[in-house]
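This briefing is meant for a reader who is meeting the structure for the first time.

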Amino acid sequence: MGDCAKLTQADACRYADEARLLDRGGHYGYYHYSLIDYIMKSIIQDLYKKAVVGLTEELLDNTNDWYLYIEGLPANLRSVYCVAVFHSQVMNGGLHQYFFNSHGQFAYLTLDCLKTINAHQSVNILRNALEKVNIDNLPIDVFRRKAAERKLGRIVDFDLELGDYLDAL
């Protein structure tokens, strides 16, 4: 898991105890993978909670402060936050929603996080989306501000060609 999930000894023991409760009788195969999924989801949920503990309504209302807060998180918490938000936005409403709901301000940061965890398929999807959404090759900080302020013209204007392209990814 590397930097993506640094656990304390107490956390590791708690996850192990929870896994033993689920692994009734030492079954492996399907149950083994269910345990791994459960443990990984528990780790991710705990790290996500740590990442968002300082996010207040006031902070979320100021997109620059919101970005600086996420950027300033330790690498493991930043990765969990960026990847979890990307995943939930895309699964809920697609790539268009990710960029429309101001979360696109984290796109380049998320791309780095996805590379760090070797999520190659997601890296390719987000990279391809960024090539079309940032077709003018705006500098990252300019693109970030426009995404945060919902000023990415083709996104907020619901450009059909772009929407179809993002849906196809």
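**Contacts, core, helix packing and loops**

Once its neighbours within four places in sequence are set aside, Ile-70 is in contact with Leu-55, Arg-78, Tyr-81, Cys-82, Phe-106 and Leu-109. The model is a predicted one, and the points below are grouped by topic.

**The nonpolar core**

- The largest nonpolar core has 36 residues, and those that touch the most other members are Ile-70, Tyr-81, Phe-99, Phe-106, Leu-126, Val-133 and Phe-143.
- Two or more residues of this core come from each of helix H2 (30–52), helix H4 (63–71), H5, helix H6 (107–116), H7, helix H8 (140–148) and helix H10 (160–168).
- Among these elements, H5 gives the most to the core, with nine residues.
- As a general background, nonpolar side chains tend to be buried together in soluble globular proteins.

**Helix H5 against helix H7**

- Helix H5 (residues 75–100) packs with helix H7 (residues 120–133) at an angle of about 20 degrees, and their axes are 12 Å apart.
- Because angles under 35 degrees count as roughly parallel, H5 is described as roughly parallel to H7.
- The crossing in which H5 passes H7 is left-handed.
- On the H5 side the contact is made by Phe-86, Leu-95, Tyr-98 and Phe-99, while on the H7 side it is made by Ser-122, Ile-125, Leu-126, Ala-129, Leu-130 and Val-133.
- Divided by class, the residues of this contact between H5 and H7 are nine nonpolar, one polar and no charged.

**Helix H6 against helix H7**

- The axes of H6 and H7 cross at roughly 155 degrees and come within 9 Å.
- Since angles over 145 degrees count as roughly antiparallel, H6 and H7 are roughly antiparallel to each other.
- H6, too, passes H7 in a left-handed crossing.
- The contact is made by Ala-107, Tyr-108, Thr-110, Leu-111, Leu-114 and Lys-115 of H6, together with Ser-122, Val-123, Leu-126, Arg-127 and Leu-130 of H7.
- The contact of H6 with H7 contains seven nonpolar, two polar and two charged residues.

**Buried residues of helix H6**

- The residues Ala-107, Leu-109, Thr-110, Leu-111, Cys-113 and Leu-114 of H6 are buried.
- The elements that cover the buried residues of H6 include H4, H5, H7 and H8.
- H6 is followed by Asn-118, a residue whose phi is positive, near 60 degrees.

**Loops and positive phi values**

- Asn-137, which lies in the loop between H7 and H8, has a positive phi of about 50 degrees although it is not a glycine.
- Asn-137 counts as exposed, because its relative accessibility is 65% and the cut-off for an exposed residue is over 50%.
- Phe-158 is placed in the loop between helix H9 (153–156) and H10, and it has a positive phi of about 55 degrees although it is not a glycine.
- Glu-149 lies in the loop between H8 and H9, and at 42% relative accessibility it counts as partly exposed.
- Although Glu-149 and Thr-63 are 86 residues apart along the chain, their C-alpha atoms are separated by 7.6 Å.

Conventions. Residues are numbered from 1 along each chain as its sequence is written. This is a predicted model: local features need pLDDT of at least 70, side-chain atom pairs count only at pLDDT 80 or more; totals for chains, interfaces and linings use all residues. Side-chain values use heavy atoms; hydrogens and water are left out. Axes are lines fitted to C-alpha atoms, for helices over the stretch in contact, and angles run from 0 to 180 degrees between N-to-C directions. Helices (H or I, at least four residues) and strands (E, at least two) are DSSP runs, numbered from the N terminus. Angles under 35 degrees count as roughly parallel, over 145 as roughly antiparallel, 65 to 115 as roughly perpendicular and the rest as oblique. A crossing is left-handed if the near helix is turned anticlockwise from the far one by less than a right angle, and right-handed if clockwise. Contact means heavy atoms within 4.5 Å. Ala, Val, Leu, Ile, Met, Phe, Trp, Tyr, Cys and Pro count as nonpolar, Asp, Glu, Lys and Arg as charged, and the others, Gly among them, as polar. A nonpolar core is a set of buried Ala, Val, Leu, Ile, Met, Phe, Trp, Tyr and Cys residues joined through side-chain atoms within 4.5 Å. Buried means under 20% relative accessible area, exposed over 50%, partly exposed in between (1.4 Å probe, protein chains only).
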